[in-house]
Amino acid sequence: MLNQKVQDVFEEPACGHNKAKSEKDRKKGCTKVATPGAAAGGCAFDGAKIALQPIVDAAHLVHGPIACEGNSWDNRSALSSGSRLYRTGFTTDMNEMDVIYGGEKHLFKAIRQIIERFDPPAVFLYQTCVPAIIGDDIEAVAKAATEKFGRPVIPVNAPGFVGGKNLGNKLAGEALLDYVIGTMEPETTTSTDLNIIGEYNLSGELWQVRPLLDRLGIRISACISGDARYREVASSHRARAAMLVCSKAMINIASKMEERYKIPWFEGSFYGISDMSTSLRNISRLLIERGAPADLAERTEELIAKEEKEAWAAIERFRPGLEGKRALLITGGVKSWSVVSALMEAGLVVVGTSVKKSTKEDKERITELMGEDAHMIDTMTPREMYRMLKDAEADILMAGGRSQFVALKARVPFLDVNQERRFAFAGYKGMVTLVSELHRTITNPIFQVLKNPAPWTPGCRTTPLV
Amino acid sequence: MTTTVKPGENTSPPSEFVSVNPLKMSAPLGGALFFLGLDRSLPVFHGSQGCTSFALVLLGRHFKESIPLQTTAMSEVTTVLGGGDNIQAAILKILEKGKPGVIGICSTGLTETKGEDIVGEVALFRKKHPEHDDVPLVAVSTPDFRGSHEDGFRDAMIRTIEELVAKGDKTVKNQINVLAGSHLTVADIDYLREVLNAFGFSPIFLPDLSRSLDGIIPDNFEPVSMGGTTLDEIRRMGSSEHTLVIGESLRGAGEALLKKSGVPYVVVNRLMGITAFDRFLVTLKNLSGRDYPESLKRERNRLTDSMLDSHFYLGGVKVALGLEPDHLFDMAHFLGENGMELVGSVTTTASPLLSKTPGPKPVTGDLGTLERQAESGKAGLLVTHSHGRQAAGRLDIPLFRVGFPIFDRLGATHRLFIGYRGAMETLFRLSNMMWSRDPENQPDTWYPGEKNPIVFGEGTPEEFVPVNFEGHNERSGGGLP
């Protein structure tokens, strides 16, 4: 059954990436088989947890030995405006006895304890490798618990060994489609109800967007899953339109909700000024088509004009410190081009951008922005990255946390633009923050100071005090 | 041994079915931590790539370093069919890209559930690929569902000793082995080295995180550890005069070394605080035959003075403590010695030390348990790793971060805890933490609600902190019945 699910999520008709493949390639699925001894990145469980944990009022229970939750809990900056329950680490911490006798009873009792002690509106139950191998049927346990306790218990069947993070995101989406979405009715509905899919509110990025939607009178019926409440997700099928933010992660939710509930959607990004504006325009267009007041379009344009003007003016101020500085951008998907225009506007030269997780359209956008000879990097080993930075082929590395030490060891400025980042980079405000952070990093004097040779290095010119 | 409880063996059935806010980390992670203290090493997890990824991220967040750690990338199919091929493929792939000094392979819950014999699989690789005979490979069984990271650390150490230490035909005078526990920081190891040198010893530390995870900036970027105990040093451990085993959990490793090469060992369970370190120095004098170094005498003097200075702030403070057994044992004595009172004590895995730890008997549990103990015991201070931050926030008491992981503060591994100097530094840090939260008394502090409420005009000081009456009374009345 899990195999069937995995096949299903790979057969995503709405995925441009997928459509471009031959029949045979499509069968193979999108997860590249990891090479033993040369693999990096998380597993399917990791991906599933990332995708669902931002549902803040639910309990997230991991059925497995200590590694899966003990080594990873509370490690993301998805923020909540209310409940903190999602940051509580729950695990069955399976021991040898569970492995021998099976962990289903243990799991059932764990669910009971959580419901009695924390009273959450729902419990998400994550399968991991060990119970999957010994045959613990979490779907059956979830069903029994739901009946017994009268509380939704949602099985998320994405054990680590079925694939990578991305597959886990999709399987999490399937769990929502199968067990959550459409199971409750919203208290009220409006003509501007919008779902945002694939936004996790990392460092509060949703809050860089939400106030603008508020000003336009657009109501977020559910963000899946950043700062979400269980009820919102469960009743999200009544929304008028949807925006898909991170297509790689949850495209199945958008396309299946269109199929089942006729909710039209578009794919957009909150990263980069022009992208933010395009997204706002698309949101208002879709909502008007579904019955929102026609003046929404006009009001949207007004808002965009004002916000853009302010943002560009703010970015312009950083230009003197950034003019001509060379940035190497190693990130994925839409970010490979969506921040490029802001960087260029601030005077930076983008000497390379990674296209590992980008689609054909992403690549076209890069060419459009950076010209025919844009340096697109498919994969870059840490060693190669280190050499490039050491040889001063870039002044700053913008990448995910994993590359941080590569840059720092090369004594080159670094800015974290992936999940562990400290700052929120979405929308107009976020792009100004990004440029301001770049400025703060690039202009830090330590990089010059650290390049000075130590007193005992040959050729050191530090003179004695007189 | 006087007790039948073996480290890592959980004898009592769990009274809790759900672990709420885990205190414990997994055994393979401890194995990886051990291997990272060997020179030019590359730890590998035999499991799904997530097993590696989680450990890698956590180690990186603690040490603020890039962590070399690889995976055999097990999939559903290879798990069912057996992972031997993946182990071989991973080793070959690693050797194709470079030549690590040691490859340390830890099993995981996934491959152990299947019943794979990781040591056997590596032996098979040896047979099939004699061309790689010179590459040191250490395989260790570390199922995620047994023990904690302290256990995995020890098991990796035992296997390394079994595989790599030479017999040692003659004893090298003054050479001493130090089996360094997983709770020692880089600063601790450096300090211990200084002290041993001062007694005329040439120590070999196993592992030596002070040379690998201490912020080294290399000339070349390589995906292996950049420093640590060298292979040559490990081989020479068999010819040392003595072995100091730092922490009860490592007794098995001391035993393994004794068996392999006949080097006698002493277990040192405590290094924090004045009484513990006095005892340690007496031991060193006895082993070396040398007199106490002047510098340590001065340090002891300073410590006594700092104990006097800090006891005003620390005496009677109620503490809830959550750490791995060896660390817990040492810390509990230190806190007690300085007048603090343990009201809660939670640990991760079984250990013969638990029945000997001062204060309430430590329970094997999670941070959820610790939070409840702290609340009911009216703790004024929480001492555990960074994950205690949520509990400390809810309880509105300070969190003193020790152990692993510390991911929300810089410099965790450069903090000194052991010896006279470490005790002094720790006392100052603790005192300052408590002092900075001293409440300022208000007219209605003692009879709240009976006077007109204090009205602050425009000049309300920004630093005004609402008084925690209960906390205040607890603290000022601490020590009295």
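Modeller: Helices here are DSSP runs of H or I with at least four residues, numbered from the N terminus. Axes are lines fitted to C-alpha atoms over the stretch in contact, and angles run from 0 to 180 degrees between N-to-C directions. The model is predicted, and local features need pLDDT of at least 70, side-chain atom pairs pLDDT 80 or more, while totals for chains, interfaces and linings use all residues. Residues are numbered from 1 along each chain, chains are lettered from A, and side-chain values use heavy atoms, without hydrogens and water.

Colleague: Why are α1(B) and α2(B) called oblique to each other?

Modeller: Helix α1 (residues 27–36) and helix α2 (residues 49–63) of chain B pack at about 55 degrees, with axes 10 Å apart. Under 35 degrees is roughly parallel, over 145 roughly antiparallel, 65 to 115 roughly perpendicular, and the rest oblique. Therefore the pair is oblique.

Colleague: Which residues make the contact?

Modeller: Contact means heavy atoms within 4.5 Å. Leu29(B), Ala32(B), Leu33(B) and Leu36(B) of α1(B) meet Ala55(B), Leu58(B), Leu59(B) and Phe63(B) of α2(B).

Colleague: How many residues does chain B bring to its contact with chain A?

Modeller: Chain B gives 58 residues and chain A gives 60. Together they bury about 5,200 Å² (accessible area lost on being put together, 1.4 Å probe, summed over both).

Colleague: What makes Glu65(B) and Lys409(A) a salt bridge?

Modeller: The rule asks for a side-chain nitrogen of Lys or Arg within 4 Å of a carboxyl oxygen of Asp or Glu. The closest N and O atoms of Glu65(B) and Lys409(A) are 2.8 Å apart, so the pair qualifies. Across the interface the rule finds 5 salt bridges.

Technical notes:
Helix = DSSP H or I, 4+ residues; strand = E, 2+ residues; numbered from the N terminus. Buried area = accessible area lost by both parts, 1.4 Å probe.
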